[in-house]
Amino acid sequence: MQLDLYQGFWVPVLDTIPSSINTNPVVDNSQLESFPNPFSNQTSIQFELPGYANVVVNVYDMRGNKVAQVFNGEMSGEFNRQWTPASSLSSGSYVCEVVVRPAGASTFKEFNLRTVMVYAK
C-alpha cells in the first residue's frame, strides 16, 4: 500500500476508488474545512455553496465504508455542522465527502468536496 502526505498527515493511497464513494469531479477542496483536525470527540464541518442545492455529507473510513451520514437535504449558503463519531468508531483517518447537486434554478454544475479528518480517541 502506498502512502501520501495530505494536509500534514500520512494517508493510504487507494489503487481503485471503492464503489461506495461518488466519482464526480472534485473542485477546490479548500472550500471544505474540518476543525479541529485532528479531533478527539467532535469536529465542525464547514463549507459554502454557490446556490441552492441538494447536499449529502458522508464520512467514510479509509476502505471506503460509509461510517456516518452527517446531512442529506436541500440548502444554500453556509453549512456548519458538528459531527460526533459513534463510540464504536476506532481512532484513525476518515474521509468527509460532500456531494452537491444543483436544485431549482441554480446554474452551477454538480461537484464533490473531500477532506481527510483524523480522529484520535
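Two strands pair if DSSP finds at least two bridges between them. Strands themselves are DSSP runs (E, at least two residues), numbered from the N terminus. The model is predicted, so local features need pLDDT of at least 70 and side-chain atom pairs count only at pLDDT 80 or more, while totals for chains, interfaces and linings use all residues. Residues are numbered from 1 along each chain as its sequence is written, and side-chain values use heavy atoms, leaving out hydrogens and water.

- Four strands form an open sheet in the order 6-5-8-9, with antiparallel pairing.
- Strand 6 and strand 9 are the edges, each pairing on one side only.

**Strand 5 and its partners**
- Strand 5 and strand 8 are antiparallel and share nine bridges.
- Strand 5 also runs antiparallel to strand 6, joined by eight bridges.
- Ala53 faces Met75 in strand 6, and its bridge partner in strand 8 is Pro102.
- Tyr60 stands opposite Lys66 in strand 6.
- Four residues lie between strand 5 and strand 6 in their hairpin, where Gly64 has a positive phi near 90°.

- Eight of the nine residues in strand 5 are buried (under 20% relative accessible area, with a 1.4 Å probe and protein chains only).
- Beyond its neighbours within four places in sequence, Val57 is in contact (heavy atoms within 4.5 Å) with residues including Phe47, Phe71 and Val98.

Methods
Buried < 20%, exposed > 50% of the residue type's maximum accessible area, 1.4 Å probe, protein only.
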